Amino acid sequence: MLQKNMDIHQTGDVFQPNTVPNHTYIDRTIDEYGDTYTEQLQKALMTPGTLIAITGASKSGKTVLCHKSITNKIIDLSGSQLQSKEDFWQQIGEQLEIPEEVQIKTSHTENAIEKTGIAGELKIPFAKFNISTGNDSSNAEGNEVSQKVLRSQDSMIKHIIAHDMVLVIDDFHYAPEETQLYIARTIKTYLISGLKVIILSLPHRADDAICLNPDLIGRTSFIEIASWSIDELKEIGHKGFPLLGIDVTDDILTRIATESICSPQLMQDICFNLAYRMQKTNCTTVTDEDVNIALKQTVAKHKQVYSHVLKAALEGPAQGKNKRTHYLLKDGSFMDIYMLLLVSISTNPPELSLPVQEIQERFTALLADDNPKKPRPIDISNTVKNIKNIMKERAKNLDTIDWKAKTLYILDSFLLFYLRCSDDWKK
């Protein structure tokens with residue numbers, strides 16, 4: 001029976017960290033009534049005139065939820081690529097495969113005008129778009145007239161509405177505030193006409209679009225993606241490994257789920273590397289050493305992304321570097337506050353948000369009792385802000401950390417995974 005499963009399924013078909021999983025998708029229950037996240041999103045889409053705001057930690061499954069729940073065509077936009085209002089319309093036009101302009105050639109006869117050609121291929125019927133020609137120019141050569149026709153913003157939105165498409169904007173907070181304000185106003189204008197819009201954001205940025213347009217209050221349905229529990233993440237392994245004929249104990253799945261830090265994508269990634277190793281070695285029973293190797297292989301995949309960012313963070317700002325306090329640890333070594341902060345973040349238990357009081361408690365667990373002084377909350381706050389600025393400068397489009405209301409938010413579970421499972425950044 002196990003061999004039969006191995007013949008049917010391949011590792012990449014079962015564990016899919018970068019696409020929508022087919023065999024290992026977990027539709028979690030959201031409330032005591034038994035509704036799932038998929039059902040709640042589909043229910044919200046059935047309410048006309050509603051902006052849907054899905055909030056959750058980075059790589060917590062927001063995008064996968066949309067693609068698994070929505071059977072209509074999705075118009076995917078990324079806030080990191082929306083630097084202006086023109087970018088907003090450009091992305092929509094590209095998703096609909098409409099060129100910015102087309103050129104229509106017509107020939108004149110005594111009694112009629114005959115269309116002879118359109119320069120620019122439209123996969124969507126041209127006539128149905130009613131594309132604006134208000135500011136177009138035309139040239140006449142003999143009896144032939146060549147006329148430019150521009151795509152219309154209003155017609156694109158009306159086409160999306162008419163064809164029941166869904167506009168999904170990920171990482172809305174990455175767009176400049178002026179662009180966010182414009183998009184929020186545009187959304188509000190078309191919601192009443194039936195436009196379906198979903199905004200994906202981080203929990204502490206959940207109300208950005210609404211703050212920019214108070215008229216959206218009362219028109220917004222919030223879906224909060226709760227942190228994945230250990231048991232929920234383990235379900236990915238429980239579903240997938242039997243399909244590959246691999247035996248995994250519950251303890252090993254618990255360990256993998258713990259290191260996945262509330263991220264189904266990271267769980268898929270570790271499971272993929274583990275399953276690949278098992279099939280490569282032709283083994284069917286997973287050991288702790290197999291898990292160790294899978295964790296190292298998963299970390300290695302992301303070294304190029306995080307190693308240089310963390311190296312720069314540990315350097316800190318050049319100003320005042322030689323005057324930094326070095327704190328004595330219980331093991332007899334010394335660390336400055338930049339290394340101390342990152343080490344404390346990497347200790348157990350893995351947490352994606354740490355209030356300043358908890359950071360101080362982690363410091364206390366690391367520091368020797370006879371330190372003449374210990375980091376104050378203001379020292380922690382300044383250090384986090386400096387690290388945040390350095391990371392943003394080195395990786396502009398990478399979610400790393402944030403500091404809000406005296407709380408450190410780790411926006412990327414892969415960053416925390418790298419801190420915990422790699423020693424390279426400490427060297």
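Predicted model: local features only at pLDDT ≥ 70, side-chain atom pairs only at ≥ 80, totals over all residues.

Residues are numbered from 1 along each chain as its sequence is written, and side-chain values use heavy atoms, leaving out hydrogens and water.

**Aromatic pairs**

I searched the whole structure and found four aromatic pairs. Rings of Phe, Tyr and Trp (its six-membered ring) pair if their centres lie within 6.5 Å; planes under 30 degrees apart count as stacked, over 60 as edge-to-face and the rest as tilted. Phe 15 and Phe 241 have ring centres 4.9 Å apart and planes at 55°, so I logged the pair as tilted. Phe 15 sits in the loop between α2 (11–14) and α3 (37–45), and Phe 241 in helix α9 (residues 230–243), 226 residues apart. Helices (H or I, at least four residues) and strands (E, at least two) are DSSP runs, numbered from the N terminus. Both Phe 15 and Phe 241 are buried.

I then looked up Tyr 306 and Tyr 418, a tilted pair with 5.8 Å centre to centre and 35° between the planes. Tyr 306 is at 3% relative accessibility, so it counts as buried. Tyr 418 is buried too, at 1%.

**The sheet**

Three strands form an open antiparallel sheet, ordered β12-β14-β13. Two strands pair if DSSP finds at least two bridges between them. β13 and β14 (residues 407–410) share four bridges. Lys 404 stands opposite Thr 407 in β14.

Terms used. Buried < 20%, exposed > 50% of the residue type's maximum accessible area, 1.4 Å probe, protein only.
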